[in-house]
Amino acid sequence: MSERLLVLVRHGQSEWNLKNLFTGWKDPDLTELGVKEASEAGRKLKAQGLVFDVAYTSVLTRAQHTLDLILGELDQKGLSTTKNLALNERDYGDLSGLNKDDARKKWGEDQVLIWRRSYDVPPPGGESLKDTLARALPYYVQEILPGVLNGKRTLVAAHGNSLRALIMVLEKLSPEGILKRELATGVPIIYRLNADSTVTSKLDLAG
């Protein structure tokens, strides 16, 4: 049996990350820095001697562009890739496209903080983290994990909140624990799993 390898990468910095805007399902591309972050992620994975059998990403440009740049560095541009909206970022609803400072002025700092950092309170017209997990988790368990357990070396390039869903299961975190978990842009996290899907090792390629 080959290794049960799963690598998660949050997309590189996007144009709206730079502008401090709520992004959600809006579709800006990477900044120049984001392109560098994604390429560097690919170089780090190559330095680890990793190659992949399959990749997954969202239907949003910033995640797909990140994946393309990583695969280019790995000389794996033709890799079988599945795109699914289950891996999309959390939908920020009426906050999408707003500057975070402007949103605080409109609704108040305390309310915006609740929408951003609570587990189960969605912004108007949008999703809570709990809602995001409710679509991302089943997709991971039904579509991604079986391949990993069968020895398919798997790369997932997605978004901070959809990746939190996977990390919550992999690291057995509580809702409170996953809320505190920050994911840097363009930093691969390498997991190796047992046959029962428990994590045997984790390596964060920050720095």
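These legends describe close-up views of a predicted model. Local features need pLDDT of at least 70 and side-chain atom pairs count only at pLDDT 80 or more, while totals for chains, interfaces and linings use all residues. Residues are numbered from 1 along each chain as its sequence is written, and side-chain values use heavy atoms, with hydrogens and water left out.

**View 1. The largest pocket and its lining.** On a 1 Å grid over the protein atoms alone, a pocket is an open set of points where a 1.4 Å probe fits, with protein on both sides within 12 Å along at least five of seven lines; lining residues have an atom within 4 Å of a point. The lining has 21 residues, and Arg10, Glu89, Tyr92, Lys100 and Arg116 lie nearest the centre of the pocket.

**View 2. His11 and Glu89, listed by UniProt under "active site".** The listing comes from an unreviewed entry, and such annotations may be inferred rather than shown by experiment. The lining of the largest pocket includes both His11 and Glu89.

**View 3. The surroundings of His11.** His11 has 2% relative accessibility and counts as buried (under 20% relative accessible area, 1.4 Å probe, protein chains only). Its side chain makes a polar contact with that of Arg62 at 3.4 Å (a pair of N or O atoms within 3.5 Å, one able to donate a hydrogen and the other to accept it).

**View 4. The surroundings of Glu89.** Glu89, at 8% relative accessibility, is also buried. Beyond four places in sequence, its contacts (heavy atoms within 4.5 Å) include Trp25, Arg62 and His159.

Conventions: Buried means under 20% relative accessible area, exposed over 50%, partly exposed in between (1.4 Å probe, protein chains only).
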